[in-house]
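Please look over the sequence and the structure first.

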Amino acid sequence: MSNILNAAFGEGSILLNQDAANWEECFIIAGSALVQSNRTSTEYTTQMIEVFKELGPYMVIAPNIALAHASPGASVKSTGLSLVTLRNPVEFGSKRFDPVKIVVGLAAVDHDGHIDLMAALSELLMDVINVNFLLQADKESDVRALLG
Amino acid sequence: MKIIAVCGMGIGSSISLKMNAEKALESLGIKAEVQALDLRKAQKEGHTADIIMTTIDLIPMLKDLPGKLVEIEYVWDLSEIRQKLASALGQ
């Protein structure tokens with residue numbers, strides 16, 4: 001893995017073993033972690049929720065993984081990620097990839113400045129060993145060690 | 001040959017789709033431009049695309065485009081993308 005991921009997850013962006021009852025609570029947690037790490041303003045969280053309501057569960061991008069995001073705009077301060085692992089899996093309505101166990105929040109300042117970051121993120125999360133490691137982690141330092 | 005990779009906001013799955021489509025095309029020996037687009041832009045500007053790649057949930061919203069629609073289930077799966085692109089390209 002590469003340092004690009006460690007840099008993308010700012011301070012306060014990694015929240016482990018969180019309790020969420022539904023997809024909206026998951027988005028609120030992932031959004032708050034983006035706000036906490038100074039990537040977005042709180043409006044971005046609202047926008048992510050609106051996008052999900054409009055376009056549905058396509059944001060469940062891989063088995064057990066949701067990529068919560070809205071579009072580049074005034075509510076995005078810098079490009080970055082947040083990571084939420086869930087204590088209990090949550091149904092998002094994705095036929096193929098439910099239930100969600102990990103929510104990654106994504107904020108991007110433009111459409112093409114984070115291509116290498118997406119490549120590193122997909123390389124990390126395509127590997128089920130890494131996903132299981134993240135799900136079992138209860139210390140941020142362990143997650144950071146995996147990130148590179 | 002113009003290929004577009006579409007997702008809702010144009011920053012998530014479409015970026016992965018574009019990356020993997022470019023890798024797939026290279027391995028198939030095909031030269032083509034792949035552009036990542038958000039759904040709105042694709043609906044407006046997608047009429048010139050020969051192939052439209054997107055995830056299953058967004059297919060109904062792109063049905064009016066004249067290009068060939070390619071449904072991708074898992075945007076991180078290079079082999080699925082290579083296989084479906086090859087088939088769409090008649091290879």
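In chain A, helix α2(A) passes helix α3(A) in a right-handed crossing; a crossing is right-handed if the near helix is turned clockwise from the far one by less than a right angle, and left-handed if anticlockwise. Helices here are DSSP runs of H or I with at least four residues, strands are runs of E with at least two, and both are numbered from the N terminus. The model is predicted, so local features need pLDDT of at least 70 and side-chain atom pairs count only at pLDDT 80 or more, while totals for chains, interfaces and linings use all residues. Residues are numbered from 1 along each chain as its sequence is written, and chains are lettered from A and ligands numbered from 1 in the order in which they are written.

**Helix packing**

| Helix pair | Angle | Axis separation |
|---|---|---|
| α2(A) and α3(A) | about 150° | 9 Å |
| α1(B) and α3(B) | about 60° | 9 Å |
| α4(A) and α1(B) | roughly 85° | within 10 Å |

Axes are lines fitted to C-alpha atoms, for helices over the stretch in contact, and angles run from 0 to 180 degrees between N-to-C directions. Angles under 35 degrees count as roughly parallel, over 145 as roughly antiparallel, 65 to 115 as roughly perpendicular and the rest as oblique.

At about 150°, α2(A) is therefore roughly antiparallel to α3(A). From α2(A), the contact takes Trp23(A), Glu24(A), Phe27(A), Ile28(A), Gly31(A), Ser32(A), Leu34(A) and Val35(A), and from α3(A) it takes Thr42(A), Tyr44(A), Thr45(A), Met48(A), Ile49(A) and Phe52(A). Residues are in contact if their C-beta atoms, placed from the backbone, lie within 7 Å. The residues of this α2(A) and α3(A) contact are nine nonpolar, four polar and one charged. In this scheme Ala, Val, Leu, Ile, Met, Phe, Trp, Tyr, Cys and Pro count as nonpolar, Asp, Glu, Lys and Arg as charged, and the others, Gly among them, as polar.

Helix α1(B) covers residues 13-28 of chain B, 16 residues in total. From its first C-alpha to its last, α1(B) reaches 22 Å, close to the 22 Å expected at 1.5 Å a residue; the expected span is 1.5 Å times one less than the number of residues. Its buried residues include Ile15(B), Leu17(B), Met19(B), Ala21(B), Ala24(B) and Leu25(B). A residue is buried if 20 or more other C-beta atoms lie within 10 Å of its own, exposed if 12 or fewer, and partly exposed in between, with C-beta atoms placed from the backbone. After α1(B) comes Gly29(B), with a positive phi near 70°.

Within chain B, α1(B) packs against α3(B), residues 78-88, at about 60°, which means that α1(B) is oblique to α3(B). The crossing of α1(B) past α3(B) is right-handed. Among the residues of the contact are Asn20(B), Ala21(B), Lys23(B) and Ala24(B) of α1(B), and Leu78(B), Ile81(B) and Arg82(B) of α3(B). By class, the contact of α1(B) with α3(B) has eight nonpolar, two polar and two charged residues.

**Contact between the chains**

Chain A gives 22 residues to the contact and chain B gives 18 residues. On the side of chain A that touches chain B, α3 (42-55), β2 (60-62), β3 (65-69) and α4 (115-125) each supply at least two residues. Helix α4(A) gives the most to that side, with four residues. The side of chain A that touches chain B holds 16 nonpolar, five polar and one charged residues.

The contact of α4(A) with α1(B) comprises five nonpolar, two polar and no charged residues.

Phe9(A) lies in strand β1, residues 9-18, and counts as buried because it has 22 C-beta neighbours inside 10 Å. Beyond its neighbours within four places in sequence, Phe9(A) is in contact with Ile14(A), Leu81(A), Leu83(A) and Leu147(A).

Asn17(A) is also found in strand β1, and its phi is positive, near 55°. Asp98(A) and Pro99(A) are joined by a cis peptide bond with omega about -5°. Pro99(A) is in the loop between β4 (80-90) and β5 (100-107).

Key. Contact = placed C-beta atoms within 7 Å.
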